[in-house]
Structure formats: C-alpha cells, structure tokens
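Please open the model in your viewer and keep the sequence panel beside it. The tour below goes from one selection to the next and says what is there at each stop.

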Amino acid sequence: MAQNPWQRPVNKNVWVLWKLKPFLQTRRALLLLYVLALLLSAASSLVLPQGARWMLDKGFHSYSALIWISIALLGLGLFTVAMRALRDALATWIGQGVVADFRTAVFSHALHLPAVFYEVFRTGEVISRLSSDVTILRFGLTGVLGRSLQSGITLIGALALMAATMPQLIIPGMVALPLLVFINLKSGRLQRRYSRKEQDCLADLSAHTEESVNGIRVIQALTLEPQTEEHYRRDIQFLLGQVWSRVMVQLWSTFLTGGLVFLALSVMLYWGGLAVLHHEVGIGVLAAFLLYALMAATSLAALGELWGSMARLAGATERLLALLDETPEASAPVPLVQDSASILVVNSGLLAQRVRPASLCLDNVSFSYPSRSDSSAIAHVSLDIAAGETVAFVGASGAGKSTVFSLLLRHYQPSQGCILLDGVDINTLPLRSLRRQLAVVPQHPVIFSMSIAENILMARPDASEVDLQEAVHAAQVDEFSDRLKMRLQTHVGEKGVTLSGGQCQRIAIARAILRNPRVLILDEATSALDAENERIIQEALGNLTAQRTTLVAAHRLATVIHASRIAMLDKGRLIAVGNHRELLDICPLYRQFAQLQRLHEKVEDGPELQKIRA
Ligand SMILES: Nc1ncnc2c1ncn2[C@@H]1O[C@H](COP(=O)(O)OP(=O)(O)OP(=O)(O)O)[C@@H](O)[C@H]1O
C-alpha cells in the first residue's frame, strides 16, 4: 500500500488523550457527578465481599442474623447497581458530548484549511478521519471513561482489602502482578501500533473508494473494473494483515494474563485452604479474600483491555488532532453581509443594482504550485485593471489563466509580488471580506446535492424571491427548470448528476448574478453552452459586467473579442496586452490563435490583417 506522504510519526504514548481536556472542561458539573457515582459504585462493590463473609461466618448462627444480613446485602446490591447505572449513563453522555464537540471542531477547522492542504491531503482521507476515527472515539471514549477509573479504584481497593483480610496470601498476587502489568503494557503498545496502521489503511481505502465511486463512469468507459477491484482487494488484504497481527497480540496477552491469574488464584486457594483446615481463619474470611482476589484480577484484566483501547483511542485522537494542528487559511471570519460601502444605488431589479467596481493591480506576480515548486505557473505578471474594465485572459491550455484567478481569490499566495484591490494588498484584507467582493463562474461548477433553487441561493442565502427569479431568468436557468415537474425545487442529485454540463454552468452563472459582486470572474463560464444559449447568456452577462470589473478567461476568442483589453499569457508570462485589433498587429501568438479560430476576419481589415490574409 502506498505510504501517505502526510502521515506523522507514531506517537508512543497515550497522553495525547489529555489534549481532549478542553472538551471535558465544559462539562465540569457532569464530570463531578460522574466521579461521585464512580467512587460510590466502587466503594459499594468493595463492601459486597464483606457481606459474603458475614453471611458465611455469622449468617447461619440464627434466623434473625440470616434475615438482617440478607436485607443488608440486598440494599447494598441495589445501591451498587444504581450507582453503576448512573456512572455508565453519565460516562456515555459525557463521552458522546466530548466527541460531538471535538468532531465539530475538526470539521469546522477542515472548512477553513487552504487549497494547499487539500492538494497534499486527499479528501477521502479527511472524510475517513471524520468518520472511522470519530467512530473509534465515540465507542471508545465512553468505555474508557466508564471503566478505567472504576477498574483502577477497584484494583487498589481490592489489593488493600486482600492485605487486610489475609496478608500472607497476597504473596502469590504480588509475584504475578508485575508480570501481568508487563504483559498488559507490552500488548497495549503493540496493539496501538497495529491499530494505527489499520486506521491508516482504512483511510487509504476510504480515499480509494471515494475516488473510484466519483470516477465510476471513467472506470467503466475504460473497462478498468478488474484493475480497480484488484487494487481494492490488495488494500483489503493489507488491512486484514494488520488486523491479524493485532488479533494475535490480543490472543497471547489474554492467554498469558488469564493463565497467570488462575495460577495465582490456585496457589492462594490452596494456601488459604490449609489455614481454614488448621482453624487459623474462618471460611468466610477465605471466601472474602478470594472474592477480593477475583475482583483484583478482573479489574487488572479490564485495565489491560482498556490500555489496548486507550491506545486505539490515542491513535484516533492523534489523527484528528493532526487536522486541528493544520494552519487555517484565515482567522476571524467576517459576517457574510453585503459590502454596503461598495453599493452605490440599489434599485428594485437585481441586474439594475449598481455596485462600485474595484480596480485591480497585479504587481510583478510570480507563483509556483507547492507540489511543483521547480516550475512557475505564473512569472512576473504585471497588469493594471481599471475599475469597471473588462479584461480577458487568453492563452493556450496551461498558460496560467485560472492560476491568476486562484491568486486573486487567495487560494494561494504569490511567491513574489502582490495583488492590489483598490490599491490595497489583498493579503491585508480579511479573507471573507475579499471573497465577498468577488464572484467566480468556474470552468467546472460544483453543484451540490440539493434543489436548483438552493444551489443558486448558496451565493446569497438571504436573497429575496424576486432577486432569485431575476437571476434564474438572466442565466437562462428557467429555460430548463420550467420543463421540470418541481421546477426550481427539483433535486439535482449528487454533483448535479441529473443536469447537463451547460445547465450546471447556468446555475453557476445565476449564483454569480445573485451575488452581485464588485469583481466578476468568468473562467470559461460558457464553454459548455450551445451557440444559442451562449448568445442569450452573454447578453445577460453583458448587463452584469457593464457595471463591474470583469476578468474573463476563454479559449474561444469569439467570447472575448469585444473585451476592452485582452491579456495574452504564454507559459505563465504576460506577453502582450491590447484590444483584439491591436493584438492582431503586435502579437504573433495571438494572431496564430485568431487564425486558428478564423477570427482575424472579424474586425475591419488593417494593414497587418491584410498581411495575414495574404
Ligand atoms: N494544483 C496544481 N498543482 C500543480 N500545478 C498546477 C495546479 N493547477 C495548475 N497547475 C499547473 O499550472 C499551470 C497553469 O495552470 P492553469 O490552470 O492556470 O492554466 P489555464 O491557462 O487556466 O489552463 P486551462 O485553459 O486548460 O484551464 C499548468 O502548467 C498546470 O499544470
């Protein structure tokens, strides 16, 4: 199985669980009640063998003694059961609450992690941590809370009472105890190692499953089912290998600890039996001693088991904490409100609303993606864009158009230079405030598994029905939604699987219209539309772009031919800027583009064009 480059070295101790303290601290009152129930249930359990002792030594002397001891035993038993029930209920409630808070914290943190993080860290892995690791915590934390302290207290109490009841008999126990502790520690450590590997395998499996299910159509089209299945089988076999190792450790540790306990108990029974035969102690005392010895052995076995599950818990906690340790892309979120300072006039119609367009300046911007730090995706790009201007970025595939937009959205930081919005370095703006001023219609819009209306309203959840309808109409969404039975309320399926590429793009355009941004970014926004729909939407976009700064990326020059300026990118460098006509004259690469797309005839002939035609 491939090693995940992100994996952290295995932490060798379980103290990492201590880091969950902040989540426990919010439940102080419940914790206090829990500790009380725990202490009372442990104490009453420890008194029970004394009841058995009285019963055996004194209970058979008279009817009244028998009745009173029986009633006392019943009362003690009921009290013990009640305290245990309370302890377990509180442990479950506190444990589940802690896990819920911890999980929410990790999820909200994951929402703020930067694009760079998700380049290295597969999304399937994040999902696995938030599902399988959280499941381990959900089931484990309650058990640990419920039993570890109880077993610890019972063990200490039982050992003390053994010593008080028949001190000489404790010797076999004292010999066995260090051995038992050693075996438990060793097996806990080994189990933790294997369990951590198991979790890593599960995360890989989960990532692989997600990729395969997402790409199922490609896998089927390329008839890659056997290879994908084989890969999955290999991963499963590896996982089973880890499970087998853990099971073997468990088997040997159960066998060795159980064997040692029974050996010690047999010696105690024989030795104690001799004392009873010699009338040195009553049978009740021996019975009480043996009950304490059994309690001590059970508690020790439970602690051993708990050590193993604490190890699993520590592994899962560590993996979730590792996500929390990642640096988020922005700290204090700014509330999602309309940037009122930027709105000049708000008329009744959405498209008639005017916003104050922003000026932009790319100042000697260079950037390399972290995973390809040896090559520049963008190199020394400088460009001033006036407020309200429409600038088109053109260039071959991979020239760097989308990268410019990613930098503007601050998904990444330029390695050199800076980007200014209204003269202010965008790095100094609160991230949400910056993004609130931008709207992107991406090349591959992401559609969520909800209704068409909900998908559009994501851009502005508080939008009025009138605004929604206007955006829907302007982006031609109604052209297809009106034909559906549930219209805008139609559920579009996972990733918009029930829609065509063009329909998804129209939803993305409607989102941008509804967002009413100061800077509109159209990244191949209409590439999946047919000619007629593209014409209609270009008109709608024309209304939208008229009053705001617009950046457009397009392969098809026809869509950008009327932009006030066109920036020609080549292998990350800005090689020319001008309008269509100017570029035909000054930029051979642009001219080549235009020729290939037969666009050099679309403007009036200039001397250069005459030359090209000749
Ligand atoms: N996340 C990434 N990690 C590493 N390299 C990347 C990443 N995204 C893009 N690149 C590389 O950066 C360069 C510029 O890519 P970019 O997506 O900006 O090009 P583009 O002009 O928008 O292309 P297209 O027109 O095909 O969308 C390309 O060489 C690409 O391979």
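Two residues are said to be in contact if their C-beta atoms, placed from the backbone, lie within 7 Å. This is a predicted model, in which local features need pLDDT of at least 70 and side-chain atom pairs count only at pLDDT 80 or more, while totals for chains, interfaces and linings use all residues. Residues are numbered from 1 along each chain as its sequence is written.

Begin by selecting Ile 153, which lies in helix α5 (residues 123–165); helices (H or I, at least four residues) and strands (E, at least two) are DSSP runs, numbered from the N terminus. Leaving aside its neighbours within four places in sequence, Ile 153 is in contact with Leu 39 and Ala 42. Is Ile 153 buried, exposed or partly exposed? A residue is buried if 20 or more other C-beta atoms lie within 10 Å of its own, exposed if 12 or fewer, and partly exposed in between, with C-beta atoms placed from the backbone. Ile 153 is partly exposed because it has 18 other C-beta atoms within 10 Å.

Next, select helix α2 (residues 28–58), whose 31 residues reach 44 Å from the first C-alpha to the last, close to the 45 Å expected at 1.5 Å a residue; the expected span is 1.5 Å times one less than the number of residues. Among the buried residues of α2 are Tyr 34, Leu 38, Ala 42 and Arg 53.

Now move to strand β8 (residues 438–441), where Leu 438 and Val 440 point one way, Ala 439 and Val 441 point the other way, and all are buried. Four bridges join β8 to strand β9 (residues 519–523), and the two run parallel; strands pair if DSSP finds at least two bridges between them. Select Val 441 together with Leu 522, its bridge partner in β9.

Finally, turn to the ligand, which 14 residues surround, the closest being Tyr 369, Ala 377, Ser 397, Ser 402 and Thr 403; a residue counts as near if its C-beta atom, placed from the backbone, lies within 6 Å of the molecule. Helix α10 (residues 401–408) gives the most to this shell, with three residues.
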